Structures are given as structure tokens and as C-alpha cells.
Amino acid sequence: MVSISLSRPALRGAGLLVFAAALAHSQTGRPNDLRFPDALGGHYLMLVNTARSTQMDSPKLAQFDRSPYDALAVSFEDAYGTAPVLPPALMQPQIANWKRATSKAIWPWVYLNRMIGANVEEGNPLTKVPYFERFHGLDLDGRAGAQSDFLQIWRAALQLARATGVPGIVCDLEFYNNYKAYDIAELARMRSETQDQALSELRQLGAKMAQLAVREYPGATVWFLFTGFTRPDYRLIDGKPYYLAATYIVEGLLDEIQRDHLPLHILSGGEVGLGYCHTSVDDLRQAIEKRAATFAALLEKYRGILELAGTMTLWSDRAAKKNWVANGACGSSTAATVDDFVPYMEVLFRAYRYNWIYGSPNGGYFAFQSDSAPRFDAAIAQAKVRAYARNAGTPVQVSR
């Protein structure tokens with residue numbers, strides 16, 4: 001996964017522990033009488049590491065099965081894929097075969113990028129194909145057929161999740177093909193329409209996604225890697241603040257769920273609002289607090305629908321860090337080795353019921369390799385014990 005360009009970036013006292021648990025409880029925004037899939041339990045941890053179905057095999061999954069994760073996100077359609085959409089009937093046998101190697105849940109992973117047009121100015125060679133060059137910005141009116149393809153992929157992923165008994169799907173809204181299109185003004189210009197028209201079409205797309213989701217898998221969880229609600233002033237136009245274009249898709253989806261009382265559960269993953277890296281444990285705590293304040297009104301508005309999830313990336317040691325992991329907050333983090341992440345993860349796991357770790361090779365993390373994974377697995381397992389076994393061995397329940 002190419003991280004979003006906008007965000008690239010031990011609790012030491014009992015008082016902070018109490019704060020983290022109380023804060024997390026306030027973030028969920030879920031009434032006590034709501035019931036989501038029991039498989040999610042009181043806490044849930046997913047690995048996201050750009051796993052593709054074509055590259056997965058039994059030895060990799062057997063290694064992953066020994067990990068402390070609950071689930072793995074796997075894509076059946078590549079972020080830059082343009083081939084005909086695979087029907088669930090062709091994907092189910094693959095998952096059935098994987099289940100012989102792992103008891104972990106395999107969540108289908110969907111990319112919005114399928115319906116984002118190429119921007120030649122960004123020089124991404126992966127976008128230089130006729131499919132992405134035949135439309136500009138996003139295919140919001142559906143004329144290029146890319147929106148239809150994306151919605152087919154979305155629908156197939158939900159069908160697959162339901163058929164294989166996993167709680168839901170992962171959705172990546174990143175504009176890999178065209179980062180400039182995050183800007184509403186630029187998107188409208190690319191599509192030769194007004195900003196209001198672009199906003200309306202983005203929200204309509206979200207509404208379509210909600211209706212398809214409830215039709216295919218009522219009660220499903222949709223785990224967005226980010227939603228962008230922490231960037232309300234990403235773009236100022238005539239003094240008026242605007243979110244990322246992707247955020248209006250989620251807004252449309254949430255409004256549709258709320259309006260029609262649809263049984264769907266939406267997670268905001270934190271890639272943008274929380275970020276993968278923090279310079280210190282205290283910096284992470286402050287970021288959690290700031291995010292909670294930013295989301296407070298939204299969690300109240302979409303109470304029982306929207307919930308926050310947390311994220312983090314890890315590295316084996318400083319020598320393994322490269323590219324984005326060697327820069328920004330990642331580069332200046334006090335965590336020198338994966339073992340130093342235990343207190344960081346403890347804070348994260350106690351703050352959010354749902355969490356995902358971005359396992360990047362840029363940090364020397366290869367989750368399917370026996371010479372890399374065990375060290376990371378041990379640190380993650382230790383953090384989970386510390387986070388959930390406090391208070392005389394009783395896990396902290398942050399979601400009910």
C-alpha cells in the first residue's frame with residue numbers, strides 16, 4: 001500500500017491508563033443496545049500489508065496463523081487493476097483453500113482507485129493505461145464505466161465476506177492515480193463542472209455504496225483505512241473550508257445509513273487522522289486525544305453507526321528504516337526497535353477496540369517470512385497482554 005501523501009508521515013502512570021480507557025469509551029459513539037457481529041469481540045487486530053490474492057499461498061498463511069492478529073486484509077483486485085471484475089464464485093475456492101492453512105479471518109480489500117482517472121503530471125507509470133486515461137478526475141457520472149466496475153468490486157467483496165463468514169470488508173479510499181483530485185476545486189475543474197455538482201456526485205456515490213452494502217451483507221462492518229474527517233480545512237475556497245474529496249463519499253454513505261436506518265457498521269481507520277508514527281508515547285496519547293475532540297460531534301451525529309479504529313506501523317530497528325519510514329514522525333520516533341513499540345501499542349490497543357498494523361517492508365517487517373515475523377509477533381503479543389490483561393486480568397471493554 002502506498003501511504004496517503006497527506007499524512008505520511010508505556011503509558012507510565014495509572015492516571016494515563018484511566019484516561020486512555022475512558023477516552024476510548026467516549027469515542028465509540030455506540031449505544032449499549034446495538035449488536036454488531038460477535039466475531040469482532042471486545043478487541044480486534046488486523047494486519048494490512050498489501051497482501052494480494054495472487055501472491056498468497058499456504059506457507060505464508062501458515063506463518064501468519066502463528067501471529068497474534070485476528071485478521072488479514074487481502075485484495076483480489078489490484079489498486080491499479082483494470083481487468084474484468086472477478087465474480088465471488090471464483091474467489092471463494094481460494095479462501096476455502098487458505099482456511100486449511102489459517103484460522104484467521106480474511107477480509108476482502110477494495111480500492112476506490114479503480115474509478116480514479118490518471119493525472120499525467122504526477123508521472124506514475126502505473127496509470128499510463130487506456131482505462132485510466134479515458135476519463136478525468138473521478139468517474140462520478142459513470143460514463144467511463146469505471147464507477148460501475150468499482151461498485152461491482154464493492155458488491156463482490158461484500159458477497160465474499162458474507163459467504164466466508166468474516167465480519168466485513170476493508171476499503172481504501174486513497175487516490176493513487178491522482179492525488180490532485182483530493183482538492184474539490186481541482187476535481188471540479190478536471191470534470192468541467194461546479195464544485196457543488198462534484199460534491200453532490202461524491203455523496204451520491206457514498207449512498208450507492210451504502211445501499212449495495214446492506215443489500216449484500218446486512219450487519220457488515222466497512223473498515224475504511226481513513227475517512228479524512230480530521231481535515232475539515234484541507235482546502236479553503238472563497239473562505240469556506242472543504243474536506244478531502246474522498247471524505248464526501250463517506251459522508252454520503254453515513255447519511256444514507258442514518259436516513260434509512262441501515263444495519264451497517266462503519267470504521268474510520270486513522271491513517272490520516274491518527275497517522276502511522278509518533279515521536280513518543282506521549283505524542284501518541286496527545287494525538288488520540290486530539291482526534292477524539294475532532295470526531296466528537298461526528299460520533300454523536302452518527303451514533304451507533306460510526307466508530308474510530310487505530311493504526312500504527314512498526315520497524316525491526318533503525319537500520320531497517322527507509323523511504324517514508326525514515327522521515328517525519330517515523331524518522332524521529334523514540335522507538336529504536338520493534339520491542340520499543342510495546343508501550344506504544346499498549347496505548348493504541350486500550351484506546352480503540354479495532355486496530356490495524358501497517359506491516360511495511362520499509363520498516364523491515366515481512367509478516368509472512370519466518371526470519372522476520374516472529375520478532376514482531378512477540379512484541380505485538382506482549383502489548384496485547386499488557387493492554388487487555390490489566391485490572392486483575394480483566395480486559396478493558398472500550399466498545400460497549
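This is a predicted model: local features need pLDDT of at least 70, side-chain atom pairs count only at pLDDT 80 or more; totals for chains, interfaces and linings use all residues.
Is Arg 143 buried or exposed? With a relative accessible area of 76%, Arg 143 is exposed.

Side chains of opposite charge can pair when their charged atoms come close. In this structure the count comes to 19 salt bridges. One of them brings Arg 143 together with Asp 141, at 3.5 Å from N to O. A second salt bridge is found between Asp 282 and Arg 285, whose closest N and O atoms are 2.9 Å apart. These two residues sit three residues apart in helix H9, so about one helical turn separates them. Asp 282 is partly exposed at 37% relative accessibility. Arg 285, in contrast, has a relative accessible area of 16%, and because buried means under 20%, Arg 285 counts as buried.

The side chains of Asp 317 and Arg 375 meet at 4.0 Å, N to O. Here the pair links distant parts of the chain, 58 residues apart: Asp 317 belongs to the loop between E9 and H10, and Arg 375 to helix H12. Both ends are partly exposed, Asp 317 with a relative accessible area of 25% and Arg 375 at 35% relative accessibility. Salt bridges can also share partners, and in this way Asp 141, Arg 143, Arg 191, Glu 193 and Glu 201 are joined into one network.

Aromatic side chains come next. A pair of aromatic rings is described by the distance of the centres and the angle of the planes. The search of the whole structure finds 26 aromatic pairs. In one of these, the ring centres of Tyr 44 and Tyr 354 are 6.5 Å apart and the planes meet at 45 degrees, so the pair is tilted. The two tyrosines come from distant parts of the chain, 310 residues apart, with Tyr 44 in strand E1 (residues 44–52) and Tyr 354 in strand E10 (residues 354–358). Tyr 44 is buried at 5% relative accessibility, and Tyr 354 is buried at 0%. Both tyrosines also belong to a cluster, in which ring pairs link Tyr 44, Trp 107, Trp 223 and Tyr 354.

What kind of aromatic pair do Phe 349 and Tyr 388 form? Their rings are stacked, with 6.2 Å from centre to centre and 20 degrees between the planes. Phe 349 lies in helix H11 (residues 342–351) and Tyr 388 in helix H12 (residues 373–388), so this contact ties together parts that are 39 residues apart in sequence. Phe 349 is buried, with a relative accessible area of 2%, and Tyr 388 counts as buried at 10% relative accessibility.

Rings also meet charged side chains here. Arg 134 lies over the face of Tyr 131, 4.3 Å from the ring centre. In a second case, Lys 321 lies over the face of Trp 315, at 4.1 Å from the ring centre.

A disulfide is a covalent bond between the sulfur atoms of two cysteines. The search of the whole structure finds one disulfide, which joins Cys 277 to Cys 330 with an S to S distance of 1.9 Å. This link is right-handed, with 85 degrees about the S-S bond. Its ends lie 53 residues apart, in distant parts of the chain: Cys 277 is in the loop between strand E8 (265–268) and helix H9 (281–301), and Cys 330 is in helix H10. Cys 277 and Cys 330 are both buried. Another cysteine, Cys 171, also counts as buried, at 0% relative accessibility.

Most residues other than glycine have a negative phi. Ser 192 has a positive phi, near 55 degrees, and is found in the loop between helix H6 (184–191) and helix H7 (195–216). Ser 192 is exposed, with a relative accessible area of 69%. Asn 323 likewise has a positive phi of about 55 degrees although it is not a glycine. Asn 323 is found in the loop between strand E9 (306–313) and helix H10 (328–332).

Note on methods
Residues are numbered from 1 along each chain as its sequence is written. Side-chain values use heavy atoms; hydrogens and water are left out. Rings of Phe, Tyr and Trp (its six-membered ring) pair if their centres lie within 6.5 Å; planes under 30 degrees apart count as stacked, over 60 as edge-to-face and the rest as tilted. Helices (H or I, at least four residues) and strands (E, at least two) are DSSP runs, numbered from the N terminus. Buried means under 20% relative accessible area, exposed over 50%, partly exposed in between (1.4 Å probe, protein chains only). A charge sits over a ring if NZ of Lys or CZ of Arg is within 6 Å of the ring centre and within 35 degrees of the ring normal. A disulfide is a pair of cysteine sulfur atoms within 2.5 Å.
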